[in-house]
2 protein chains.
Amino acid sequence: MVRYLIHFQYFGTNYCGVVKASKNAIARSGKIGVQDVIENVLEKLNPYRSTKIYVSSRTDSGVHALCNTAHFDLVRPPNKPEAFRDESLCLGLNSFIPRREQVRVIGARRVPDKFHAQHNAISRSYLYRIAVGCTYRSLPVTEKDRCWAIKSELNIEAMKEATKLFLGTHDFSAFRSASKENSFKSPIKTIDRIEIAPSHGLLDRHWSRGHSHIQFWEVSFRSRSFVYRQIRRMVSALVSVGKGSRSLEEVRAVLESCDNAHPKTSPTAPPDGLYLKEVLYNEEDLSLENMQESESSEIVRPNL
Amino acid sequence: MVRYLIHFQYFGTNYCGVVKASKNAIARSGKIGVQDVIENVLEKLNPYRSTKIYVSSRTDSGVHALCNTAHFDLVRPPNKPEAFRDESLCLGLNSFIPRREQVRVIGARRVPDKFHAQHNAISRSYLYRIAVGCTYRSLPVTEKDRCWAIKSELNIEAMKEATKLFLGTHDFSAFRSASKENSFKSPIKTIDRIEIAPSHGLLDRHWSRGHSHIQFWEVSFRSRSFVYRQIRRMVSALVSVGKGSRSLEEVRAVLESCDNAHPKTSPTAPPDGLYLKEVLYNEEDLSLENMQESESSEIVRPNL
């Protein structure tokens, strides 16, 4: 058995989320999870038994990842080399992902047997993209399902002021959506960074007409971890401050209430604009320094 | 009857091209044309008879448009106002495009009855995006179907030198692919502009790992018109010069041969990297200056 950490990307629009879909969920939505795609691919690498992946950071249907991570234990047949070489494993995985899938493995590395992609993560960074001045229907086609379209103007300075409410350590119960995991996970989180900055549209340098009035903004978040849907609910609160429909004091009162059912709570921003950007680990947790380079590494020779 | 010009965008990956698909083509590929999407939407605006659109610039399956154009004649029922207001028509069209479609109308304007989207066009600009240093399988997911992945390094200076072969007026028979239209369209075209410039990946500012070795380049073209697949074949020739697999003299010899079956002709670059960027008209051809503002303009009130 050899444990690996992989880094992978996806556009979440066509998936029910990153985690494996139940049969009921597939029947209901017709969508599988990103985990299903990767586990199906691992099956093709000729393992001795089927391989389950442990994703570090859950994302919902429609949420994207420029970089998510997962670990898994690969057990090879007795007559095969035990380990794949890192680059070779990455190439092999990508070569088996069907062309229709919006999933890409961007790195693979062998890690110690006790490494855990979720528990060892020391920070997670997210990005939320907003297009101001258009509706979903009038968004450029290059931005469809890639950002949140907001028709009205936003008071960005007021939004920047509101980010300060969330920075640092708070009980985020009021910004948590219901989930099976709520009962045993702490709602107390420490947010290290929230920044709002002007941004660009995808390919906007090449727009010749029709969209010049649209302004792009992005909100960046970093924390060791977040409660379920915390970022989308914080973005929704920030945008309501930007629109003038909520005051700073109202948002503060919601946060301090620790009450998920507070009457002034904000709805959840759409998944389209949210991107998991990076999951970080301590190098010492990843290091194999006491393990010798395996002589039995196998080069995957996919049928490219 | 009122004639309109529309500007529209699309990602071409899921379409058989911009023009209407035949029943056979739909049965074969499962893909419709962008024209089908727009004509289906026009049907919903309650016309008196079905409306056919005349697209200015044909694009193949997989080729994108940041801005293509088409004209059509809308005939309203006798009890309805004859004309839509321009902005209202644009909004109405977008409101009826199904969410799954990668098509967006970005402008609509009433034009003179004799205006023709294809024949009145005075220039067409295209963009071709290239990612250097990766294979299709290792392209970032944000670039999937959005650019041409080239593994080997390119000699950009040699490619820039090669663009000069194509500038100006030439018989482009050697760079034309077979099409039903070939027999009655001239292969002599004048290229006003070809430029190769460094570029960016979509969202590359937010990549945290895995893709830092990829370089992006874009090639821009402008001409009144092009022969069938001329740009993708010119790009292929430029890239073979960049790779060192064709010399400048060989490309010159192919061009001067005017021979589509020349043994040193280049293959066709993939459609993924090609974007129609702009179609220009003379303002006087578009102008309604002798027509009074119609009192009977109707505001489309779509069910948003």
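Helices, of at least four residues, and strands, of at least two, are DSSP runs numbered from the N terminus. In this predicted model, A:Gln102 lies in the loop between helix 3 (86–96) and strand 4 (103–110) of chain A. A:Gln102 is buried, with a relative accessible area of 19%. The cut-off for burial is under 20%. Residues up to four places away in sequence aside, A:Gln102 touches residues of both chains. From chain A these are A:Gln9, A:Tyr10, A:Phe11, A:Asn14 and A:Tyr15. From chain B they are B:Val141 and B:Lys144.

The relation between the two chains was examined next. Chain A superposes on chain B by a rotation of 180°, with 0.0 Å of shift along the axis. The RMSD of this superposition is 0.0 Å. The two copies are thus related as by a two-fold rotation axis. Both copies use the same surface, and 100% of the contact residues of chain A recur in chain B. Among the residues of chain A, A:Leu202 comes closest to the rotation axis. Its C-alpha lies at 2.9 Å from that axis.

Strand pairing was followed around strand 3 of chain B. This strand spans residues 64–74. Of its 11 residues, 10 are buried, so strand 3 of chain B is largely enclosed by the rest of the structure. Strand 1 (residues 2–10) of chain B pairs with strand 3 of chain B in the antiparallel sense. Eight bridges make up this pairing. Within it, B:His7 stands opposite B:Thr69. Strand 2 (residues 53–55) of chain B also runs antiparallel to strand 3 of chain B, and three bridges join them. Here B:Tyr54 stands opposite B:His71. Strand 10 (residues 274–280) of chain B runs parallel to strand 3 of chain B. Two bridges join these strands. B:Ala65 stands opposite B:Leu276 of strand 10 of chain B.

Strand 3 of chain B also takes part in covering a helix. In helix 3 (residues 86–96) of chain B, the buried residues are B:Ser88, B:Leu89, B:Cys90, B:Gly92, B:Leu93, B:Asn94 and B:Ser95. Their cover includes strand 1, helix 2 (34–44), strand 3 and strand 4 (103–110) of chain B.

Helix packing was examined in each chain. In chain A, the axes of helix 4 (residues 156–166) and helix 5 (residues 230–243) come within 8 Å. They cross at roughly 145°. The crossing of helix 4 and helix 5 of chain A is right-handed. Helix 4 of chain A contributes A:Ala158, A:Met159, A:Ala162, A:Thr163 and A:Phe166 to the contact. Helix 5 of chain A meets them with A:Met234, A:Ala237, A:Leu238, A:Val239, A:Val241 and A:Gly242. Nine of the residues in this contact of chain A are nonpolar, two are polar and none is charged.

In chain B, the axes of helix 4 (residues 156–166) and helix 5 (residues 230–243) come within 8 Å and cross at roughly 145°. Helix 4 of chain B passes helix 5 of chain B in a right-handed crossing. On helix 4 of chain B, the contact is made by B:Ala158, B:Met159, B:Ala162, B:Thr163 and B:Phe166. On helix 5 of chain B, B:Met234, B:Ala237, B:Leu238, B:Val239, B:Val241 and B:Gly242 take part. This contact of chain B holds nine nonpolar, two polar and no charged residues.

Key: Residues are numbered from 1 along each chain as its sequence is written. Chains are lettered from A and ligands numbered from 1 in the order in which they are written. This is a predicted model: local features need pLDDT of at least 70, side-chain atom pairs count only at pLDDT 80 or more; totals for chains, interfaces and linings use all residues. Side-chain values use heavy atoms; hydrogens and water are left out. Copies are superposed by least squares on the C-alpha atoms of residues with pLDDT of at least 70 in both. Contact means heavy atoms within 4.5 Å. Buried means under 20% relative accessible area, exposed over 50%, partly exposed in between (1.4 Å probe, protein chains only). Two strands pair if DSSP finds at least two bridges between them. Axes are lines fitted to C-alpha atoms, for helices over the stretch in contact, and angles run from 0 to 180 degrees between N-to-C directions. A crossing is left-handed if the near helix is turned anticlockwise from the far one by less than a right angle, and right-handed if clockwise. Ala, Val, Leu, Ile, Met, Phe, Trp, Tyr, Cys and Pro count as nonpolar, Asp, Glu, Lys and Arg as charged, and the others, Gly among them, as polar.
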